[in-house]
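User: I have a model open and would like to go through some local details and the packing. Shall we begin?

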Amino acid sequence: MALFDLPLEALREYRPDVAEPDDFDAFWEATIAETRAAAWDPRIERVETGLTLVETSDVAFSGFGGDEIRAWWTVPAGVAPRAVIVEFIGYSGGRGLAHEVGSWPLAGCAHLLVDTRGQGWGHWRPGDTPDPHGSGSATPGKMTQGIEDPATYYYRRVYADAVRAVDTARALAGDIPLFVTGGSQGGGITIAAAALADGVAGALPDVPFLCHFARATTITDARPYREIADYLAAHRGRVEQVYRTLSYFDGVNLAKRAGAPTLFSVALMDVICPPSTVFAAFNAWGAEDRAIEVYPFNDHEGGGAFQRRAQLAWVAERLG
């Protein structure tokens with residue numbers, strides 16, 4: 001894919017007027033309070049992985065509505081972790097298998113890898129967390145489930161789960177710096193967690209999804225945004241209703257409320273998460289301490305291992 005979005009100079013100044021409902025903050029305050037009121041103590045069980053440098057446990061914690069959410073908790077063996085990383089997963093993926101250890105525990109950090117409810121159908125990484133809530137008419141996938149109303153929309157549950165993941169990691173790790181991260185959908189959830197959870201020391205959204213829906217759904221034909229366009233092609237009279245629902249979950253509106261330092265990434269040939277939607281969230285970020293890595297000739301793979309190297313250095317700098 002060649003460059004298809006705004007020039008980089010324009011992207012760096014791109015600050016669109018994204019619709020925001022008057023009750024945005026009240027909606028999320030009520031959602032998080034309701035979710036925490038239904039919380040129960042997490043269950044944690046050590047699992048054998050065959051690995052000797054890390055220790056991994058199967059964690060079950062309460063998310064939205066008290067629903068059970070699964071995660072892997074991995075810590076460096078015999079070493080007190082210097083930080084905790086809560087990681088969210090890309091669209092269709094799950095937490096995978098217990099021995100699939102990434103860079104964070106090897107860098108001396110505790111790592112909570114969080115399932116996304118109702119996902120994990122991607123062959124590359126299975127999931128273990130169902131979504132027990134139904135919805136009305138929806139296209140295949142998750143983007144339009146319950147989209148008729150913000151109270152029933154799928155990502156209300158996912159974002160509330162993310163806040164509880166942060167709460168759970170804090171309870172497991174104690175008083176050490178906590179960072180949130182994830183790529184694509186995981187990047188969008190990272191933005192939500194940074195805005196809605198307590199005590200986040202830094203956020204690392206990688207080529208984030210779920211940002212500037214009004215532009216994303218008209219500038220790209222790629223899925224998952226295409227799911228929304230397909231829904232509106234069938235439900236022709238619901239455009240205003242759908243975009244009102246999405247405004248509660250837009251990463252631009254959430255980014256305004258994020259007060260922690262951040263390191264974003266963006267790929268200028270990315271048709272799944274178009275660059276202007278990523279910059280819209282980055283430029284709205286509520287903290288002055290923000291940076292973005294730009295990959296001019298990459299698609300949705302973004303920086304890959306290069307970005308992880310940048311993230312490791314960024315976190316290490318903040319830990320001193």
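User: Which backbone oxygen lies 2.9 Å from a polar atom of the side chain of Trp40?
Analyst: That oxygen belongs to Gly66. Please bear in mind that this is a predicted model. The C-alpha atoms of Trp40 and Gly66 are 7.2 Å apart, although 26 residues separate the two along the chain.

User: Where is Trp40 found, and what else is it in contact with?
Analyst: Trp40 sits in the loop between α2 (24-37) and β1 (43-47). Leaving aside neighbours within four places in sequence, its contacts are Ala60, Phe61, Ser62, Gly66, Asp67, Glu68 and Arg164. Trp40 counts as partly exposed because its relative accessibility is 27%.

User: What is Val180 in contact with?
Analyst: Beyond its neighbours within four places in sequence, Val180 is in contact with Val86, Phe88, Val166, Thr190, Ala193, Ala194, Val200, Gly202, Ala203 and Leu204.

User: At what angle do α4 and α5 pack?
Analyst: The angle between α4 and helix α5 (residues 185-196) is about 65 degrees, and their axes are 9 Å apart. The crossing of these two helices is right-handed.

User: Which residues meet there?
Analyst: From α4, the residues are Tyr155, Val158, Tyr159, Ala162, Val163 and Val166. From α5, they are Gln185, Gly188, Ile189, Ala192, Ala193 and Leu196. By class, the contact of α4 with α5 has 10 nonpolar, 2 polar and no charged residues.

User: Backbone geometry next. Which peptide bond is cis, with omega near 10 degrees?
Analyst: The bond from Arg223 to Pro224 is cis. Pro224 lies in the loop between α6 (213-219) and α7 (225-234).

User: And what about α7 itself: which of its residues are buried?
Analyst: The buried residues of α7 are Tyr225, Glu227, Ile228, Ala229, Tyr231 and Leu232. These pack against α6 and α8 (239-247).

User: Which residue other than glycine has a positive phi of about 85 degrees?
Analyst: That residue is Ser92, in the loop between β4 (84-88) and α3 (103-106). Another residue other than glycine with positive phi is His212, where the value is near 50 degrees. His212 is found in the loop between β7 (202-206) and α6.

User: Are those two buried or exposed?
Analyst: Ser92 is buried because its relative accessible area is 14%, under the 20% cut-off for a buried residue. His212 likewise counts as buried, at 8% relative accessibility.

User: Let me turn to α10. How many of its residues are buried?
Analyst: In helix α10 (residues 275-284), 10 of its 10 residues are buried. Its buried residues pack against α1 (8-11), α5, α6, α9 (251-255), β8 (262-267) and β9 (290-295).

User: What does the side chain of Ser276 join in a polar contact?
Analyst: The side chains of Ser276 and Asp5 are joined by a polar contact of 2.7 Å. Ser276 is found in helix α10, and its relative accessible area is 0%, so it is buried. Apart from neighbours within four places in sequence, Ser276 is in contact with Asp5, Leu6, Leu11, Tyr14, Arg215 and Ile219.

User: Why does Ser247 count as buried?
Analyst: Ser247 counts as buried because its relative accessibility is 7%, and buried means under 20%.

Technical notes. Residues are numbered from 1 along each chain as its sequence is written. This is a predicted model: local features need pLDDT of at least 70, side-chain atom pairs count only at pLDDT 80 or more; totals for chains, interfaces and linings use all residues. Side-chain values use heavy atoms; hydrogens and water are left out. Helices (H or I, at least four residues) and strands (E, at least two) are DSSP runs, numbered from the N terminus. Buried means under 20% relative accessible area, exposed over 50%, partly exposed in between (1.4 Å probe, protein chains only). Contact means heavy atoms within 4.5 Å. A polar contact is a pair of N or O atoms within 3.5 Å; within protein, one must be able to donate a hydrogen and the other to accept it, and residues adjacent in sequence count only if both atoms are side-chain atoms. Axes are lines fitted to C-alpha atoms, for helices over the stretch in contact, and angles run from 0 to 180 degrees between N-to-C directions. A crossing is left-handed if the near helix is turned anticlockwise from the far one by less than a right angle, and right-handed if clockwise. Ala, Val, Leu, Ile, Met, Phe, Trp, Tyr, Cys and Pro count as nonpolar, Asp, Glu, Lys and Arg as charged, and the others, Gly among them, as polar.
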